[in-house]
Amino acid sequence: MDFRIMGMDSPLFSTLQHMTDTSEDTDKSYNAPTRTFVRDAKAMAATPADVKEYPNSYVFVIDMPGLKSGDIKVQVEDDNVLTISGERKRDEEKEGAKYVRMERRVGKFMRKFALPENANTDSISAVCQDGVLTVTVEKLPPPEPKKPKTIEVKIA
């Protein structure tokens, strides 16, 4: 299985964390990643996923508590990159209420997965049930083995 999961296992993760902790006043280098790139990298790192391989499919499982299907986007980019993204918004505060503790994560989330060559990107389904998103990518059937070609030998 040739999965390259882009996110927490990225070698840039610790560097990005360090860069986001620096002050806004520091001189910006031309090689520094954009704010959008850093935000997306953090969103990917904060979105854990399970990936399972079955004989006929790949299944991606991500916890999405409290999200509606309209808050979740599942796309295929560049013909082989599965992207799961969305945003969890903070509940509106009611008059007179204030947070005493705020621990639930809000904001953007995203995960990208490079799909193997045998993934059928035309046959993908996504179901969110009980706060768990399950994305199923069917596998392409294995190629037919090539039969030897017989060449007729003519007598000259």
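Here are some notes on the strands, the core and a few individual residues of this predicted model.

1. Ground rules. This is a predicted model, so local features need pLDDT of at least 70 and side-chain atom pairs count only at pLDDT 80 or more, while totals for chains, interfaces and linings use all residues. Residues are numbered from 1 along each chain as its sequence is written, and side-chain values use heavy atoms, with hydrogens and water left out.

2. The open sheet. Four strands line up in the order β2-β3-β8-β7, with antiparallel pairing. The edges are β2 (50-53) and β7 (119-129), each of which pairs on one side only. From one strand to the next, the twist averages 15 degrees; the axes behind such angles are lines fitted to C-alpha atoms, and angles run from 0 to 180 degrees between N-to-C directions. As for terms, strands are DSSP runs of E with at least two residues, numbered from the N terminus, and two strands pair if DSSP finds at least two bridges between them.

3. β7 against β8. These two run antiparallel and are joined by 7 bridges. If you want a spot to look at, Ser125 stands opposite Thr136 in β8.

4. Lys139. This lysine sits in strand β8 (residues 132-139). Is Lys139 buried or exposed? It is buried, with a relative accessible area of 17%; buried means under 20% relative accessible area, exposed over 50% and partly exposed in between, using a 1.4 Å probe and protein chains only. The Lys139 side chain reaches the backbone oxygen of Tyr54 at 3.0 Å. That is a polar contact: a pair of N or O atoms within 3.5 Å where, within protein, one must be able to donate a hydrogen and the other to accept it, and residues adjacent in sequence count only if both atoms are side-chain atoms. Leaving aside residues up to four places away in sequence, Lys139 touches Glu53, Tyr54, Pro55, Asn56, Ser57, Tyr58, Asn118 and Asn120, where contact means heavy atoms within 4.5 Å.

5. β5 and its two partners. Strand β5 (residues 81-88) is largely enclosed by the rest of the structure, because 7 of its 8 residues are buried. It pairs in the antiparallel sense with β4 (residues 72-77) over 6 bridges, and Lys73 stands opposite Ser85 in β5. β5 also pairs with β6 (residues 107-114), again antiparallel, over 8 bridges. There, Leu82 has Phe113 in β6 as its bridge partner.

6. The β4-β5 turn. β4 and β5 form a hairpin with 3 residues between them. Two aspartates in this loop deserve a look. Asp78 has a phi near 50 degrees, a positive value in a residue other than glycine, and Asp79 has a positive phi of about 70 degrees. For context, most residues other than glycine have a negative phi. Asp78 is exposed, with a relative accessible area of 67%, and Asp79 is exposed with a value of 67% too.

7. The core. Which residues have the most contacts inside the largest nonpolar core? They are Phe60, Met64, Ile72, Leu82, Ile84, Val135 and Val137, in a core of 15 residues. The elements giving two or more residues to this core are β3 (57-63), β5, β6 and β8. A nonpolar core here is a set of buried Ala, Val, Leu, Ile, Met, Phe, Trp, Tyr and Cys residues joined through side-chain atoms within 4.5 Å. Not counting residues up to four places away in sequence, Ile72 touches Met64, Leu67, Ile84, Ser85, Phe109, Cys128 and Leu133.
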